Amino acid sequence: MKVMLEDGAYMPERGHETDAGIDLKAMHGQRVMPHSSAVFHTGVHVELPKGTAGLLVSKSGLNVKKDITSTGLIDA
């Protein structure tokens, strides 16, 4: 998988050795107000292999502690 980072972007990485997925970080701090949504720029560009997809989901801690849920499917 090819990854290209914009200046100031963070390389995606696993938070723990046993994590199934990798964590993305936003380039700039931002608040999500209750009952609203927001778009976060990561500056990460990934070339997925043909026939695959990426799944973007919110962390379980955000779901439980902040009632923030999100899912996104990224096609190759």
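Author: We can go from the overall layout to single residues. Keep in mind that this is a predicted model.

Reader: Fine. How many helices and strands are in the chain?

Author: The chain has 1 helix and 4 strands. Going along the sequence, they come in the pattern β-β-β-α-β.

Reader: And what does the C-alpha trace span along its principal axes?

Author: About 35 × 25 × 25 Å.

Reader: What share of the residues is buried?

Author: Of the 76 residues in the chain, 12% are buried. The accessible surface is about 6,700 Å², and carbon and sulfur atoms account for 55% of that surface.

Reader: What about contacts between residues 24 or more positions apart?

Author: Taking the contacts in the chain with a separation of 6 or more, 36% are between residues 24 or more positions apart.

Reader: OK, strands. Which way do β3 and β4 run, parallel or antiparallel?

Author: Antiparallel, with 5 bridges joining β3, residues 53–57, to β4. As one example, glycine 54 has isoleucine 74 in β4 as its bridge partner.

Reader: Is β4 in the open or buried?

Author: Strand β4 covers residues 71–75, and of its 5 residues the number buried is 0, so β4 lies largely in the open.

Reader: How far is glycine 51 from aspartate 75?

Author: They are 24 residues apart along the chain, and their C-alpha atoms are separated by 8.4 Å.

Reader: Buried or exposed?

Author: Serine 58 has a relative accessible area of 14%. The cut-off for buried is under 20%, so serine 58 is buried.

Reader: What does serine 58 touch?

Author: Setting aside residues up to four places away in sequence, serine 58 touches Asn63, Ile68, Thr69 and Ser70.

Reader: Ile68 is on that list. Which loop is isoleucine 68 in?

Author: The loop between α1 and β4. Isoleucine 68 has a relative accessible area of 30%, so it is partly exposed. With residues up to four places away again left out, isoleucine 68 touches Ser58, Leu62 and Asn63.

Reader: And how far is isoleucine 68 from alanine 26?

Author: They are 42 residues apart in sequence, with 16 Å between their C-alpha atoms.

Reader: What about aspartate 67, buried or exposed?

Author: Aspartate 67 is exposed, with a relative accessible area of 68%. It is found in the loop between α1, residues 60–66, and β4.

Reader: How far is aspartate 67 from histidine 35?

Author: From C-alpha to C-alpha, aspartate 67 and histidine 35 are 9.7 Å apart in space, and they are 32 residues apart in sequence.

Reader: Changing topic: charges. How many positive and negative side chains are there?

Author: There are 8 positive and 9 negative side chains, and the centres of the two sets lie 4 Å apart.

Reader: How many salt bridges does the structure hold?

Author: The structure holds 1 salt bridge. Glutamate 47 forms a salt bridge with lysine 2, and their closest N and O atoms are 4.0 Å apart. The pair links distant parts of the chain, with glutamate 47 in strand β2 and lysine 2 in strand β1, 45 residues apart.

Reader: Why can side chains pair like that?

Author: Side chains of opposite charge can pair when their charged atoms come close.

Reader: How exposed are glutamate 47 and lysine 2?

Author: Glutamate 47 counts as partly exposed, at 48% relative accessibility. Lysine 2 counts as exposed, at 57%.

Reader: One last residue. Where is threonine 42?

Author: Threonine 42 is in the loop between β1 and β2. Threonine 42 is buried, with a relative accessible area of 18%.

Reader: What is threonine 42 in contact with?

Author: Apart from neighbours within four places in sequence, threonine 42 is in contact with Ala9, Tyr10, Leu24, Lys25, Ala26 and Met27.

Reader: And how far is glycine 61 from threonine 42?

Author: Threonine 42 and glycine 61 are 20 Å apart in space, C-alpha to C-alpha, and 19 residues apart in sequence.

Terms used: Residues are numbered from 1 along each chain as its sequence is written. This is a predicted model: local features need pLDDT of at least 70, side-chain atom pairs count only at pLDDT 80 or more; totals for chains, interfaces and linings use all residues. Side-chain values use heavy atoms; hydrogens and water are left out. Buried means under 20% relative accessible area, exposed over 50%, partly exposed in between (1.4 Å probe, protein chains only). Helices (H or I, at least four residues) and strands (E, at least two) are DSSP runs, numbered from the N terminus. Two strands pair if DSSP finds at least two bridges between them. Contact means heavy atoms within 4.5 Å. Accessible areas come from the Shrake-Rupley method with a 1.4 Å probe; for residues, only the protein chains shown count as cover. Lys and Arg count as positive and Asp and Glu as negative; His and the chain ends are not counted. The place of a charge is taken as NZ of Lys, CZ of Arg, CG of Asp or CD of Glu. A salt bridge is a side-chain nitrogen of Lys or Arg within 4 Å of a carboxyl oxygen of Asp or Glu.
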